[in-house]
Amino acid sequence: MALLQISEPGASPDPHQRRIAVGIDLGTTHSLVAAMRHGVAECLPDGQGRVILPSAVRVMPEGRRQFGYDALAAQAEDPENTIVSVKRFMGRRVEDIANRDKLPYRFEDTPGMLSLATREGLKSPVEISAEILATLRQRAEDTFNDDLFGAVITVPAYFDDAQRQATKDAAQLAGLNVLRLINEPTAAAIAYGLDNGSEGLYAVYDLGGGTFDISLLRLTKGVFEVVATGGDAQLGGDDFDRLLADWALAQAGLSVTSAADKRRVLVAARQAKEALTDAERVTLSAALDAGALSVEVSRAQFDELALPLVNKTLLAVRRVLRDAKVGADEVQGTVMVGGSTRMPIVRRVVSELFGREVLTNLNPDEVVALGAAVQANQLAGNSADGEILLLDVIPLSLGLETMGGLVERIIERNATIPVAKAQDFTTFKDGQTALAVHVLQGERELVSECRSLARFELRGIPPMAAGAARIRVSFQVDADGLLSVSARELGSGVEAAVQVKPSYGLADEQIATMLREGFASAESDMAARKLREARVEAERMILATQSALRADGDLLSEAERAEIAALQSDLLAKAQVDDAAANADAIDAAVQALAKGTEAFAAARMNRGIQQALTGRSIDQI
């Protein structure tokens, strides 16, 4: 009798067949693609043996393109059509771009997000990113001489839903099957965890070209748990370049206005910054239309310029340590990720904060792509043993709007993903047959202070008394950090749902400031929430009382009706006072007074209801 071949779920039925999956680090400054080869994660080189692809695309006449180093070589001569650092524009609008007057591009607001004007017309950041990803896909296919099964793509931990969705859209435009989006610090931890075989609490300090992320992870055998995450989505190596460029122009007494000059001085500043990693003193020079720029800069001078930006990263680090309720001395090691962590001042200041030398034994440019490659290999079903469990977190709380413009948080920030949570709600008015569901993201108590993600309606609720319906709203965040929301009326079974694919456009700095605002305004937010909750309860009490009076008002004498009317008027007056003078405790007291004043009326209504139910029935029937 012959043997019947079987396979594990998700694995190839042919044990000798290997699915080709890659990890891609789509970076602000440069991008890489890596894969498992001969049991080891390796970054894949181009035809010239270079593993780094500068994240640059030049739009040329007749539909031609230049990528990477070739595009960078032409950026000073053709700045408007050579797009670099496009990741900083993902999911943003023109007004969100800081220092846009110093950038050599022509931005235009288009539906969803900004676009850049090129000789081929408007190009969105998603389209430009797709071309970079397609170049990496072709590199991988040339390396293996075969098609790819899929890719794991990394994103900054502080990317919100819109930016993650934009990244996924770019990958699909590039012809990639996205196995998963994972956070860059998590990918770095995978690479370091496997390389060192270490366990314990680790910080991942990721300072790239456009964003800064800090994540605290607990590494145990086979499990990578993100304990807390934070960062600044508006801080990266580009900001250090711009700072140095502005300083050099001021020293030389020059100002630049042309796109070409803006690009030349930024290129010169980046070269000087990188040279200062090893040299004590360099000359920052560029041939500008406004005149020759030549300024000597020492490492000490650059460190003085850079220190305020480095200190901004430390604020985020301390906040993450507070969230995790741990001290800096409990962190066993700090993994440095991103080319900007090569700056000596960054390594020195971070080492001082944690009281030990930072970990730099893996190339900070490559470590994210290497970790993504390990994860991709496992998701493709190629890993026979040692499968990794990723326990990542969401950076900002998710919730929905309730009466009074309040936010009810369903999933708290730093919740491990994937995650699903549900909460029951009810109707506010008698006979209500529809419910509007407004999905929000943020840490504030009021809807106006949080970011709107999506809206949908649950219709077909059977008409019933206010508060009788039970509506269960469920939130689910998948492994990519993308959200879906559903609402179901439990009695009738009517249901509505939305896959939250938000319109792009949240300013990156909003993400970084949402937590700061949440902490800074916590006391005032709670006071505002208490006031709105009191007003909602007052409105509910007044509506319920009016409904009862319409149904059974004949049970009351004129004096009793007048007394209840006076209590309602007093409650209404207190609830309608301007916010500045309103008092939640006074409203609550008026609600309690109305409730106490209608107790006898409620008892009489109950007696009438019982009498009506029993009329004409015998003891045996009861």
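1. The helix α11 gives the largest share of the lining of the second largest pocket, namely nine residues; helices (H or I, at least four residues) and strands (E, at least two) are DSSP runs, numbered from the N terminus. This is a predicted model, in which local features need pLDDT of at least 70 and side-chain atom pairs count only at pLDDT 80 or more, while totals for chains, interfaces and linings use all residues. Residues are numbered from 1 along each chain as its sequence is written, and side-chain values use heavy atoms, with hydrogens and water left out.

2. The second largest pocket holds about 890 Å³ of space, a volume being the space filled by probe spheres set on grid points that are joined across faces, edges and corners. On a 1 Å grid over the protein atoms alone, a pocket is an open set of points where a 1.4 Å probe fits, with protein on both sides within 12 Å along at least five of seven lines, and lining residues have an atom within 4 Å of a point. Its lining has 33 residues, and those nearest the centre are Met 403, Thr 426, Thr 427, Phe 428 and Val 536.

3. At least two lining residues of this pocket come from each of β20 (398-402), β21 (406-411), β23 (419-425), β24 (434-441) and α11 (522-552). By class, the lining has 14 nonpolar, eight polar and eleven charged residues, where Ala, Val, Leu, Ile, Met, Phe, Trp, Tyr, Cys and Pro count as nonpolar, Asp, Glu, Lys and Arg as charged, and the others, Gly among them, as polar.

4. An open sheet of four strands has the order β21-β20-β24-β25, with antiparallel pairing; two strands pair if DSSP finds at least two bridges between them. Because β21 and β25 (451-459) stand at the edges with a single partner strand each, one side of each has no neighbour in the sheet. The twist from one strand to the next averages 30°. Three antiparallel bridges join β20 and β24, and Leu 398 stands opposite Gln 441 in β24.

5. Three strands form another open sheet in the order β6-β5-β7, again with antiparallel pairing. Its edges are β6 (65-67) and β7 (82-84), each with a single partner strand, so one side of each is left without a neighbour in the sheet. Here the twist averages 20° from one strand to the next. Strand β5 (residues 56-59) pairs with β7 over three bridges, and Ala 56 has Val 84 of β7 as its bridge partner.

6. Helices α5 (residues 237-252) and α6 (residues 259-275) pack at an angle of about 105°, with their axes 8 Å apart; axes are lines fitted to C-alpha atoms, for helices over the stretch in contact, and angles run from 0 to 180 degrees between N-to-C directions. The residues of this contact (heavy atoms within 4.5 Å) divide into eight nonpolar, one polar and five charged.
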